[in-house]
Amino acid sequence: MKTKIKIQTEDFDVGAELDALIAGTDAGAVASFTGHVRKEGDLTALKLEHYPHMTENEIARLIGEAEKRWPLLAVTVMHRVGSLSPGDRIVLVAVAASHRGVAFEACEFLIDFLKTHAPFWKEEARGAERHWVSARTSDDEAMARWRK
Amino acid sequence: MTLLYFAWVRQKIGKSDEVLALPASVTTVETLMAHLKRQDAGYADAFADPARLRVAVNRRHCGFDTAIGDEDEVAIFPPVTGG
């Protein structure tokens with residue numbers, strides 16, 4: 001299976017990434033998730049920190065778990081770090097498979113596990129105030145249903 | 001042993017990483033944290049509530065009871081919030 005894992009400060013081009021994902025595969029379906037910085041109230045900026053090496057290892061491990069469950073042809077996971085603004089893209093998870101059911105499910109599985117396992121931390125800035133975002137129990141619940 | 005701290009844990013301790021030679025009493029992540037808490041108020045503050053902390057040893061998530069030694073890389077951080 002083809003995999004691409006990229007942690008970067010720059011933005012990414014979703015269309016170009018999806019084209020690259022299926023290049024050379026016999027995929028009949030591509031499902032993708034793009035996460036953006038939510039525009040909410042007085043949020044002025046978001047800073048993302050990560051644990052280099054562990055991040056890539058952990059995402060590779062999660063892709064390995066997905067591969068055990070579904071017949072996948074290609075997976076791309078891209079995640080930005082550094083300073084972001086409301087509306088900016090943060091994350092892309094894209095899955096190519098023969099059929100849509102597999103692509104949809106594996107994509108959702110990967111973003112659910114990425115949110116609860118990949119070592120990233122968000123710090124919000126609201127004017128002069130900064131605070132670290134707390135983990136959401138809804139993310140834990142989303143991840144837990146895959147354990148059933 | 002290499003120690004790494006992230007997010008507010010890093011801020012409370014005042015550094016992102018350090019290499020420490022640890023006493024024989026430190027055999028697990030839990031005993032490491034107890035040892036550090038006695039050294040300095042920053043560690044005591046950062047490690048005050050273990051329920052708000054997560055641990056990785058050699059870049060894998062693990063529990064506080066994980067055995068550790070001099071060659072290990074131990075990271076202590078809040079629950080992750082990426083995606």
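**Exercise 1.** Among contacts in chain A between residues at least 6 apart in sequence, what percentage join residues at least 24 apart?

*Solution.* The model is predicted: local features need pLDDT of at least 70, side-chain atom pairs count only at pLDDT 80 or more, and totals for chains, interfaces and linings use all residues. Residues are numbered from 1 along each chain as its sequence is written, while chains are lettered from A and ligands numbered from 1 in the order in which they are written. Two residues are in contact if their C-beta atoms, placed from the backbone, lie within 7 Å. Of the contacts in chain A at a sequence separation of at least 6, 78% join residues at least 24 apart.

**Exercise 2.** State the secondary structure of chain A and the order of its elements.

*Solution.* Helices (H or I, at least four residues) and strands (E, at least two) are DSSP runs, numbered from the N terminus. Chain A contains four helices and eight strands. Along the sequence, the pattern of chain A is β-α-β-β-α-β-β-β-α-β-β-α.

**Exercise 3.** Describe the side of chain A that touches chain B.

*Solution.* The contact draws 21 residues from chain A and 15 residues from chain B. On chain A, helix 2 (54-69), helix 3 (100-117) and strand 7 (120-126) each supply at least two residues. Helix 3 of chain A gives the largest share, five residues. By class, this side of chain A has 12 nonpolar residues (Ala, Val, Leu, Ile, Met, Phe, Trp, Tyr, Cys and Pro), three charged (Asp, Glu, Lys and Arg) and six polar (the others, Gly among them).
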